[in-house]
Amino acid sequence: MSEGRYRVVIRCPVCGEKYILRGRRNENGEYETGFKRCVCGNAEHLHIDATPE
């Protein structure tokens, strides 16, 4: 996997909140940002978009 950083945009379809974070890809191909759940409590249904920095 790439060792570079990514700009990760996480959108919650439940409440409409948007988070912009920086992260890296782990060995499973997921983005490591430290994000756990939205302020509305939604942790399952999130739209994640990432672009390399």
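Strand 1 and strand 3 each supply at least two residues of the lining of the largest pocket. Strands here are DSSP runs of E with at least two residues, numbered from the N terminus. A pocket is an open set of points on a 1 Å grid over the protein atoms alone, where a 1.4 Å probe fits and protein lies on both sides within 12 Å along at least five of seven lines; lining residues have an atom within 4 Å of a point.

The model is predicted: local features need pLDDT of at least 70, side-chain atom pairs count only at pLDDT 80 or more, and totals for chains, interfaces and linings use all residues. Residues are numbered from 1 along each chain as its sequence is written, and side-chain values use heavy atoms, with hydrogens and water left out.

The volume of the largest pocket is about 290 Å³, taken as the space filled by probe spheres set on the grid points, which are joined across faces, edges and corners. Its lining has 13 residues, and E30, Y31, T33, F35 and I48 lie nearest the centre. By class, 7 of the lining residues are nonpolar, 3 polar and 3 charged. Ala, Val, Leu, Ile, Met, Phe, Trp, Tyr, Cys and Pro count as nonpolar, Asp, Glu, Lys and Arg as charged, and the others, Gly among them, as polar.

The sheet is open, with 4 strands in the order 3-2-1-4 and antiparallel pairing. Strand 3 (31-32) and strand 4 (47-52) are the edge strands, each pairing on one side only. Two strands pair if DSSP finds at least two bridges between them.

| Strand pair | Bridges |
|---|---|
| Strand 2 (residues 18-25) and strand 3 | 2 bridges |
| Strand 1 (residues 6-11) and strand 2 | 6 bridges |
| Strand 1 and strand 4 | 6 bridges |

Within these pairs, R24 has E32 of strand 3 as its bridge partner, R7 has R22 of strand 2, and V8 stands opposite A50 in strand 4. Strands 1 and 2 form a hairpin with 6 residues between them, and G16 in the turn has a positive phi of about 90°.

The largest nonpolar core consists of 6 residues: Y6, V8, I10, C12, Y19 and C38. Strand 1 gives the most to this core, with 3 residues. A nonpolar core is a set of buried Ala, Val, Leu, Ile, Met, Phe, Trp, Tyr and Cys residues joined through side-chain atoms within 4.5 Å; buried means under 20% relative accessible area (1.4 Å probe, protein chains only).

Leaving aside residues up to four places away in sequence, I10 touches E17, K18, Y19, L21, T33, F35, L46, H47 and I48. Contact means heavy atoms within 4.5 Å.

Technical notes. Buried means under 20% relative accessible area, exposed over 50%, partly exposed in between (1.4 Å probe, protein chains only).
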